Structure formats: structure tokens, C-alpha cells
Amino acid sequence: MTVTIQPTGICPADVLAVARGAAKVVLDPATLDAMATSRSIVDGIEAAGRPVYGVSTGFGALANTFVAPERRAELQHALIRSHAAGVGAPMPREVVRAMMLLRVRSLALGHSGVRPLVASALVDLLNHDVTPWVPEHGSLGASGDLAPLAHCALVLLGEGWVLGPDGQRLPAADALRRAGLAPIELAAKEGLALINGTDGMLGMLLLAVDDAAHLFTMADVTAALAIEAMLGSDRPFLPELHAIRPHPGQGRSAANIHRLLQDSAVMDSHRDDVDHAVQDAYSMRCAPQVAGAARDTLDFVRTVAGRELLSVVDNPVVLPDGRVESTGNFHGAPLGFAADFLAIAAAEVGAIAERRVDRLLDVTRSRDLPAFLSPDAGVNSGLMIAQYTAAGIVAENRRLAAPASVDSLPTSGMQEDHVSMGWAAAKKLRTVLDNLTSLLAVELLAAVRGLQLRAPLTPSPAGRAAIAALGEIAGEPGPDVFLAPLMEAAREVVATPTLRTAIEREIGTLD
């Protein structure tokens with residue numbers, strides 16, 4: 001696959017193809033023309049000797065410091081070196097690749113005043129799989145992701161570090177040489193244009209949107225399986241009950257769960273039982289209200305990310321009429337708010353899943369399932385400690401759901417006196433989603449065990465697919481086994497499309 005950077009930008013699928021796949025990147029000729037035009041404006045400012053931020057002045061609190069023409073290239077190189085000040089573990093390859101592609105996208109829109117060769121040099125890194133080593137700490141989401149982007153830009157200069165094939169840190173100069181690439185020299189404005197953007201937080205947000213969309217559908221799957229195993233009712237998910245409260249996500253989630261519960265001998269076994277519970281617990285009955293609200297939150301976040309993909313995020317920007325204007329468009333508040341909102345929603349999807357797990361394991365509430373889903377409870381503990389793990393993860397997600405975007409700290413001599421913390425918000429969102437994968441895996445494992453214990457009753461098509469997906473590793477309920485491998489296998493089933501695809505072959509596409 002090839003992703004072409006157009007003057008109109010790129011789409012989320014392009015970012016995923018480059019970040020998570022092996023798609024090559026090319027610059028449309030029209031983008032080269034747009035960059036050359038904006039560069040000629042910067043060259044004119046240089047020739048006229050006018051003071052313009054980032055072109056002929058210092059940065060941040062040094063914005064009023066004039067820089068002589070003969071030192072302006074030196075200024076750009078010094079900017080990159082001084083701003084590459086991150087610490088900590090390296091960011092994942094997919095995040096760094098998304099960040100680089102998004103910086104190319106912004107430069108290619110023709111408002112940054114850089115020469116085409118700067119964008120082409122970033123494209124070369126992507127196409128030769130040279131991934132800068134970007135530490136996890138350093139960005140405040142103020143003038144965008146300054147430190148992370150500076151670590152990327154430093155590699156263009158033949159300095160800094162790159163990620164080795166096994167995750168080790170290697171000198172950038174050696175990596176460029178092996179790839180047949182040469183370092184570049186920066187001209188006026190170009191260093192600033194390479195680091196002044198929201199590309200890191202936007203890249204993480206786009207990756208998170210993709211992950212959340214899959215996980216929220218899988219949350220409907222695991223909820224339905226748990227409800228079936230607990231002999232719950234499918235009546236709360238009837239479409240007419242959700243039409244009278246028309247939140248779109250709620251309706252979609254309820255429709256999924258209702259379809260997943262059909263054609264089940266387990267469900268049929270208690271449909272006309274007068275002694276059965278009149279109402280199911282909230283964690284069962286309200287599953288679509290929680291997961292649906294998360295879906296609506298995801299739709300909002302997807303809209304925000306889509307707008308940012310259309311945006312010129314730099315400072316200053318070069319306008320077609322020749323003006324070079326300072327902006328605040330680099331501020332990450334829109335993305336920080338969105339990431340925090342989605343983290344809250346994802347945390348609650350995981351929290352309600354853990355409540356269903358606890359109910360499945362409790363002999364007083366699981367409707368005749370054995371304690372902790374062990375056929376021989378007492379000597380054996382069944383899935384008791386799997387629920388402990390889930391409870392610990394829920395607690396961590398609650399801490400991570402506290403918003404980062406309200407935690408501004410002033411920097412740069414009070415010039416940057418309000419920052420977004422968007423990088424931190426997006427980074428912890430990814431952790432919440434990874435934790436959600438584990439929580440849904442515990443629910444999947446518990447639901448499968450519950451359905452197995454309902455034999456000889458035949459479960460729904462979704463239940464049969466889930467049992468088949470875990471059966472080779474989990475086996476049948478019996479004496480206790482080493483549980484961690486089963487939980488890892490369940491995580492893999494939740495994270496990948498295999499189970500969802502198998503279910504959709506039987507009942508049609510899930511929303």
C-alpha cells in the first residue's frame with residue numbers, strides 16, 4: 001500500500017497504514033509546489049531583514065531576541081538539540097511513525113515555510129523504517145509536542161538515537177548510513193516548523209480511536225456471553241425500549257447484545273420460568289447504556305481527530321498573501337479534552353465488565369453456577385484470583401481516568417503560561433485501553449467457563465464461537481491450572497478480530 005500526501009491532507013486510515021503497517025509514503029507534486037511557494041515568502045523576509053518570530057528571533061521567552069542572519073541556520077540546529085530533552089522509556093514504534101507522518105502532512109499543507117527537502121527527509125525515514133527513539137516524558141502539549149518532535153527532527157541531522165530491531169537504542173548517524181540516507185542542514189524557520197505541532201498526541205489519539213472502536217464492540221460480545229451464562233434476560237435489549245431513549249450508541253449496543261443472545265438453548269431454558277428473576281442487575285441490564293455512552297463519546301473524539309487532521313498546526317504560519325502570523329493553533333486542548341473524555345468512557349466500560357465477572361463467580365448471585373466457576377470449589381479456587389486481577393485493573397483505570405488536561409503548569413519564563421497536557425492525556429488513554437483489553441479478556445474467560453458449565457444446554461452461536469476460540473487452551477472446567485496463560489490467550493482473542501469474525505459469520509455484522 002502507498003499513502004500519498006495530498007495538499008488536502010490525509011485520512012485516519014492512512015495514518016494506521018503507515019503506523020501499524022508497511023505502507024510507503026509519497027508526496028504529491030502539488031504539495032511540493034505549495035511548500036516551495038511558502039518557502040519563497042520566508043526567503044523574502046530573510047532578505048528584507050524584518051523581525052519575525054522563529055525566523056529572525058529566538059523562541060519562547062526569547063522571542064524578542066534578534067538573531068543575526070549569519071546565525072539563523074545555527075539557531076535552527078540549536079533549537080532541535082536543546083528541545084530534544086525527553087527522558088524515560090521509548091515510545092512505541094507505531095506512535096513515532098504516526099507522529100512523523102502527521103508532521104509531514106502538516107508541512108505539506110504549505111503554511112510552514114519549509115523547503116520540500118525537509119518533508120522529503122521525513123518521508124525517507126518512514127520508507128526506510130528508521131524510527132527515532134522518542135522518550136515518553138517531555139511534552140506538555142503546549143507549543144505542541146516540542147520534545148518528542150525534536151527527538152524525531154534530531155535524527156534528520158544525523159544526531160540522536162533510533163530504535164533498533166530489538167528495541168535497543170542505536171546512534172542515528174549509523175542508522176542513516178545503513179539506510180543510504182544523508183543528514184540534512186536546516187535553514188531559517190525549518191527547525192521550528194519540525195517541532196511545533198500536535199502530531200504526537202494526534203497520532204496516539206487516532207490509534208486509540210481505532211482500538212476503542214474494536215474494543216467497544218468486543219465489550220458487547222463479552223457482556224452478551226456473560227448475560228447468557230448467568231441466565232439473564234434478552235428483553236431489556238429489545239429495540240423498542242431503546243427507541244424511546246434515542247442515544248445512538250445505546251441503540252447500537254443494545255442491538256448487538258440482543259442479536260448475540262438469540263438461538264440459544266441456554267436462554268430458552270428459563271424464558272417461561274415464573275421463578276426466574278423479574279429484573280436483572282444493572283451490570284447486565286444497563287450494559288448498552290454504559291457501552292453506548294462510550295460509543296457516543298468515541299464518535300465525538302473521532303470528530304475532533306478528524307478536524308485536527310485538516311488543520312495547519314504550526315507557529316508562525318505563512319499565509320498565501322505573504323503575511324507570517326503567530327498563532328495559538330499548536331495548543332493541544334482540543335485533543336487533550338477528547339483523550340481525557342474517552343479515557344473516562346473506556347474506564348467505565350471496563351468497570352461494568354468487572355462487575356459482571358464478580359457476579360458470575362459468586363455462588364449466591366450466579367443462578368446455580370458453582371462457586372468461582374470451579375466444579376470442585378474448596379480444594380480448587382477456579383477464577384477467584386482472575387477477578388482480583390480485574391479489580392486491580394479497574395482501580396488503576398479509575399486513577400488514569402482523572403483528567404490530565406486540567407493540570408496545566410507554566411513554562412518558558414511564563415511565556416507559555418497555560419499548557420494542555422495533551423500528550424499525557426493521550427498516553428494514559430492508551431494505557432486505559434490496554435487495561436480494558438485485559439478486563440474484557442477476564443470477562444470472556446469467565447463467560448466461557450459459565451457457558452461450559454451450563455452443558456448439556458447449547459449456547460448461542462456467539463457462545464459456541466467463544467468456546468471454540470478458547471477451548472484448545474482453556475479446555476473444560478476442572479481442577480485448577482496455571483491461569484496466566486489462559487488469561488493471555490483470552491487477551492489475544494479480545495484484541496484481534498478472530499472471534500468477532502467467527503461470530504459475524506454466524507449472525508451477521510456487528511455494529
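Let's start with Asn-127, which sits in helix α5 (residues 116–127); helices here are DSSP runs of H or I with at least four residues, numbered from the N terminus. Keep in mind that this is a predicted model, where local features need pLDDT of at least 70, side-chain atom pairs count only at pLDDT 80 or more, and totals for chains, interfaces and linings use all residues. Residues are numbered from 1 along each chain as its sequence is written, and side-chain values use heavy atoms, with hydrogens and water left out.

Leaving aside residues up to four places away in sequence, Asn-127 touches Lys-24 and Val-25 (contact means heavy atoms within 4.5 Å). A polar atom of the Asn-127 side chain lies 2.8 Å from the backbone nitrogen of Val-25.

Next, the rings. Arg-169 lies over the faces of Trp-133 and Trp-161. For that, CZ of Arg has to be within 6 Å of the ring centre and within 35 degrees of the ring normal.

| Charge | Ring | Distance to ring centre |
|---|---|---|
| Arg-169 | Trp-133 | 5.2 Å |
| Arg-169 | Trp-161 | 3.7 Å |

As for aromatic pairs (Phe, Tyr or Trp ring centres within 6.5 Å, using the six-membered ring of Trp), the structure holds 1. Phe-300 and Phe-341 make up this pair, 6.0 Å centre to centre with 55 degrees between the planes, so it goes down as tilted (under 30 degrees is stacked, over 60 is edge-to-face, the rest is tilted). The pair links distant parts of the chain: Phe-300 belongs to helix α14 (residues 287–309) and Phe-341 to helix α15 (residues 333–361), 41 residues apart.

Conventions: Helices (H or I, at least four residues) and strands (E, at least two) are DSSP runs, numbered from the N terminus. A polar contact is a pair of N or O atoms within 3.5 Å; within protein, one must be able to donate a hydrogen and the other to accept it, and residues adjacent in sequence count only if both atoms are side-chain atoms.
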